[in-house]
Amino acid sequence: MSRWLLTGGRGMLGQDLARVVERSGDQVLATGSADLDITDAQAVQDAVGEVDVVVNCAAWTAVDDAETHEAQAFSINATGAANVARACAQRGVRLVQISTDYVFDGTATTPYAEDTTQRPRSAYGRTKCAGEWAVRSLHPDALVVRTAWLYGAGGGNFVATMARLAGERDTLTVVDDQRGQPTWTVDLADLVVRLVDAGVPGGYWHGVGAGETTWWGLARAVFEEAGWDPERVQAVGSDQFVRPAPRPAYSVLGTGRLTEHGVAPVRDWADALREALPELLA
């Protein structure tokens, strides 16, 4: 039986990951920022001392706020990640670092391979990219698992927002020129456990729902699955929603490395949404 520590374990992914780990028969300690501040190096050293696996879900995820608070975002996404990696490396603990599609520039037209050079365009992306570099430098055996377009029952997300707005507005406008892969936190949690159990080598891995769509396509799928009229969702361009942080136009991540190592990728995003939606709407 392995002992898992989840930093940022009270967040949307952490909650589902804790449940998946428990169902696998392992022990899990899920900590929130009030329990374990990963910017405190000594606190991290103490916490890592009695575990076998650490998954660092702790992150500054407020993408737009990072543009004006980059130092604060860096302290969590980069310095905090370095603290976790250093402690895990010193104690021989397996580490999974959760990262993001925002480390890429979003200008590609084919899926980003795991070894594609990072070119972040936002403060959030820069701080997460720095975290990736720190983890790989300090703990080469760590798994850096990039994901995108996460949604789940344990936190705010696009799918939940669409469901809420459906009850508040007759029509919704959603951008149709940004492509990506909706990913259910339950499916990502399952992949993380499978990667650890398989003993895969360190490096970059991509954990995203198979297939691709736009935010407009995802919103319509939510409406269709919920039995609402999808024609209420109207497509617009990104120029109608100017935000402080630039959004990637193309965030599709390739999962070739999973196949190479005999690990099944995450299922199709639409199938996952179909199963997830009843819980999200409850």
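Leu273 touches Tyr151, Val159, Leu218, Ala221 and Val222, leaving aside residues up to four places away in sequence; contact means heavy atoms within 4.5 Å. This is a predicted model, in which local features need pLDDT of at least 70 and side-chain atom pairs count only at pLDDT 80 or more, while totals for chains, interfaces and linings use all residues. Residues are numbered from 1 along each chain as its sequence is written, and side-chain values use heavy atoms, with hydrogens and water left out.

**Nonpolar cores**
- A nonpolar core is a set of buried Ala, Val, Leu, Ile, Met, Phe, Trp, Tyr and Cys residues joined through side-chain atoms within 4.5 Å; buried means under 20% relative accessible area, exposed over 50% and partly exposed in between, with a 1.4 Å probe and protein chains only.
- The largest nonpolar core has 33 residues, of which Tyr151, Val159, Met162, Trp184, Leu218, Val222 and Leu273 touch the most other members.
- Two or more residues of this core come from each of α6 (158-166), β7 (172-175), α8 (215-226) and α10 (269-281); helices (H or I, at least four residues) and strands (E, at least two) are DSSP runs, numbered from the N terminus.
- Another core of 27 residues lies apart from it, with Val55, Leu191, Val192 and Val200 among them.

**Asp16**
- Asp16 sits in helix α1 (residues 12-23) and is buried, at 4% relative accessible area.
- Its side chain makes a polar contact of 2.5 Å with that of Thr185 (a pair of N or O atoms within 3.5 Å; within protein, one must be able to donate a hydrogen and the other to accept it, and residues adjacent in sequence count only if both atoms are side-chain atoms).

**Trp149**
- Trp149, in the loop between β5 (143-147) and β6 (150-151), is buried at 11% relative accessibility.
- Trp149 is not a glycine, yet has a positive phi of about 50°.
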